[in-house]
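Colleague: I'd like to learn how to read a model like this one from the overall fold down to single side chains. Could you walk me through it?

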Amino acid sequence: MKLDDNDFDLLGVPRAFAQDRASLDARWKALQTEVHPDRFAAQGAAAQRVAMQWAVRVNEAYQRLKDPIQRATQLCLLHSVSVGADTNTAMPVAFLMQQMAWREALDEAVQARDSAELDRLAEAVAQQERQLQTTLAEVIDTRQDWSAAAAQVRAWMFVRKFAADVHRQLDLLES
């Protein structure tokens with residue numbers, strides 16, 4: 001185990017989109033136990049600083065791998081494909097039309113203070129996220145089509161941002 005290992009190798013999990021969350025959690029906890037700075041208290045400040053670096057690195061890797069969007073992004077990067085979320089916002093027309101329709105529905109529901117409509121919208125978005133996750137698993141683990149995976153990650157980022165907007169509006173309406 002090296003500090004510059006990729007997240008999958010560092011945590012000792014397969015380089016795959018599909019991950020068993022319980023196994024990932026268990027591996028993270030085991031590594032945290034191994035590298036926790038308190039275990040190195042008797043070895044002095046320098047050993048504790050190194051242990052702290054390890055603990056931070058393990059936590060960062062775990063945070064990335066437990067999030068499916070970040071995990072997919074890491075897999076793309078391991079195969080030299082950048083998701084390009086900051087520079088590539090090209091999306092299929094049908095996807096963009098859906099986004100526009102959702103935005104309009106959100107605006108209308110907020111103006112009407114219609115929590116039932118916001119709930120329906122939240123469920124539609126959650127369904128889209130489940131579909132994107134299924135598609136990513138297929139594209140990455142079965143087909144290993146990294147450019148298609150990057151496009152799916154970008155789409156999911158759009159959907160996740162919209163989902164956060166819907167939930168924020170639901171929270172505001174309920175308060």
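**Reading the fold and its contacts**

Modeller: Happy to. The protein chain has seven helices and zero strands, and this is a predicted model. From the N terminus on, the order of elements reads α-α-α-α-α-α-α.

Colleague: What percentage of the residues count as buried?

Modeller: Of the 175 residues, 37% count as buried. For contacts, look at sequence separation: among those with a separation of 6 or more, 67% are between residues 24 or more positions apart.

Colleague: Which residues touch the most other members of the largest nonpolar core?

Modeller: That core has 45 residues, and Leu11, Leu136 and Ile140 touch the most other members. Each of the helices 1 (7-11), 2 (21-35), 3 (45-66), 4 (68-78), 5 (93-112), 6 (115-143) and 7 (146-174) supplies at least two residues of this core. The largest share, 12 residues, comes from helix 7.

Colleague: What does Leu136 touch, leaving out residues up to four places away in sequence?

Modeller: Leu136 touches Phe17, Ala72, Asp141, Ala149, Gln152, Val153 and Trp156.

Colleague: Now the aromatic rings. How do I describe a pair?

Modeller: A pair of aromatic rings is described by two values, the distance of the centres and the angle of the planes. In this model the count comes to three aromatic pairs. Take Phe95 and Phe158: their ring centres are 6.0 Å apart and their planes stand at 90°, so the pair is edge-to-face. Phe95 lies in helix 5 and Phe158 in helix 7, so the pair ties together parts that are 63 residues apart in sequence. Phe95 counts as buried at 10% relative accessibility, whereas Phe158 is partly exposed at 32%.

Colleague: And is the pair of Trp102 and Phe162 stacked or edge-to-face?

Modeller: Trp102 and Phe162 are stacked, with 5.5 Å centre to centre and 15° between the planes. Trp102 is in helix 5 and Phe162 in helix 7, so this pair ties together parts that are 60 residues apart in sequence. Trp102 is buried with a relative accessible area of 9%, and Phe162 is buried at 0%.

Colleague: Which charged ends sit over rings?

Modeller: Two examples are worth a look. The charged end of Arg71 sits over the ring of Phe17, 4.9 Å from its centre. Over the ring of Trp156 sits the charged end of Arg160, 5.9 Å from the ring centre.

Colleague: Is Gln32 buried or exposed?

Modeller: Gln32 is in helix 2, and its relative accessible area is 13%; with the cut-off for buried at under 20%, Gln32 therefore counts as buried. The side chain of Gln32 reaches the backbone oxygen of Ala55 at 3.1 Å. Beyond four places in sequence, Gln32 touches Ala55, Val58 and Asn59.

Definitions and conventions
Residues are numbered from 1 along each chain as its sequence is written. This is a predicted model: local features need pLDDT of at least 70, side-chain atom pairs count only at pLDDT 80 or more; totals for chains, interfaces and linings use all residues. Side-chain values use heavy atoms; hydrogens and water are left out. A nonpolar core is a set of buried Ala, Val, Leu, Ile, Met, Phe, Trp, Tyr and Cys residues joined through side-chain atoms within 4.5 Å. Buried means under 20% relative accessible area, exposed over 50%, partly exposed in between (1.4 Å probe, protein chains only). Helices (H or I, at least four residues) and strands (E, at least two) are DSSP runs, numbered from the N terminus. Contact means heavy atoms within 4.5 Å. A polar contact is a pair of N or O atoms within 3.5 Å; within protein, one must be able to donate a hydrogen and the other to accept it, and residues adjacent in sequence count only if both atoms are side-chain atoms. Rings of Phe, Tyr and Trp (its six-membered ring) pair if their centres lie within 6.5 Å; planes under 30 degrees apart count as stacked, over 60 as edge-to-face and the rest as tilted. A charge sits over a ring if NZ of Lys or CZ of Arg is within 6 Å of the ring centre and within 35 degrees of the ring normal.
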